[in-house]
Amino acid sequence: MGAAKGKTRKMTSRFYKLGPIMDQGTTSSCVGHGCKLLLTSEPYAQADPVSPFTIYREARVIDEFPDDATEGTSVRAGLKVLQQRGLIQNYYWATDIEQVVDYLLRISPLIVGTEWFEGMAELDHDGIATPQGRSMGGHCYFAHGVDVKAGTIGFANSWGVQFGFMGLFSLRMADFAKLLYKGGCAAAVREK
């Protein structure tokens, strides 16, 4: 049975099909892994675009951090690498949780970078992480879906399938909003 004539059904959840969940090991290449997951996931799945370690190394050369200030790199630098390689056209920053939800529902998954807290490594029985405890520094991960009714955003991490539920976890929208507010970032992408 369809929607009543003249009425549109508003989408309240969407989850993109993910490419392979990889493991960054002991490296600081989370941005490279987040970018690679973008390239291998719906709606932009590409055969075998580029190594996550290559993206990471190239991003380190162009990022905004002084040499040796950090072992990681920025989400912006990772996206610039993808642009320079012609793998994406544009990227759009989400400045608040409403934009994050809108982008996930309408445009694409998002590459995100936030502070990571030790409590986020322990998930509850529903797979939800809670940002509490000591800060472990910045971390990039991949938002692959949202469930507005449940109030959660689904993420994939770059620590292999042994993390969380086969590499996946969720955050409550309110918690992710706080992480964004505290200097986090989230970007949706337009394909080439």
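Trainee: How far is the sulfur of C185 from the closest cysteine sulfur?
Mentor: This is a predicted model, in which local features need pLDDT of at least 70 and side-chain atom pairs count only at pLDDT 80 or more, while totals for chains, interfaces and linings use all residues. Residues are numbered from 1 along each chain as its sequence is written, and side-chain values use heavy atoms, with hydrogens and water left out. A disulfide is a pair of cysteine sulfur atoms within 2.5 Å, and the structure holds 0 of them. The closest cysteine sulfur to that of C185 belongs to C140, and it is too far for a bond, at 7.5 Å.

Trainee: Is C35 buried or exposed?
Mentor: Buried means under 20% relative accessible area, exposed over 50%, and partly exposed in between, with a 1.4 Å probe and protein chains only. On that scale C185, at 22%, is partly exposed. C35, at 0% relative accessibility, counts as buried.

Trainee: How many residues of α1 are buried?
Mentor: Helices (H or I, at least four residues) and strands (E, at least two) are DSSP runs numbered from the N terminus, and α1 covers residues 30-40. The buried residues of α1 include C30, H33, K36 and T40. The helix α1 is largely enclosed by the rest of the structure, because the buried count is 11 of the 11 residues.

Trainee: Leaving aside its neighbours within four places in sequence, which residues is L38 in contact with?
Mentor: L38 is found in helix α1 and is buried, with a relative accessible area of 1%. Contact means heavy atoms within 4.5 Å. Beyond those neighbours, the partners of L38 are Y44, L82, I88, I111, F142 and V189.

Trainee: Which element supplies the largest share of the lining of the largest cavity?
Mentor: On a 1 Å grid over the protein atoms alone, a cavity is a set of points where a 1.4 Å probe fits but cannot get out, and lining residues have an atom within 4 Å of a point. The largest cavity holds about 80 Å³ of space, and among the residues closest to its centre are H33, G34 and L37. Both α1 and β5 (135-147) supply at least two lining residues. The largest share, 4 residues, comes from α1.

Trainee: At roughly what angle do the axes of α4 and α5 cross?
Mentor: Axes are lines fitted to C-alpha atoms, for helices over the stretch in contact, and angles run from 0 to 180 degrees between N-to-C directions. I97, V100 and V101 in α4 meet M173, F176, A177 and L180 in α5. The axes of α4 (residues 97-106) and α5 (residues 173-181) come within 9 Å and cross at roughly 115 degrees.

Methods. On a 1 Å grid over the protein atoms alone, a cavity is a set of points where a 1.4 Å probe fits but cannot get out, and a pocket is an open set with protein on both sides within 12 Å along at least five of seven lines; lining residues have an atom within 4 Å of a point. Grid points are joined across faces, edges and corners, and a volume is the space filled by probe spheres set on the points.
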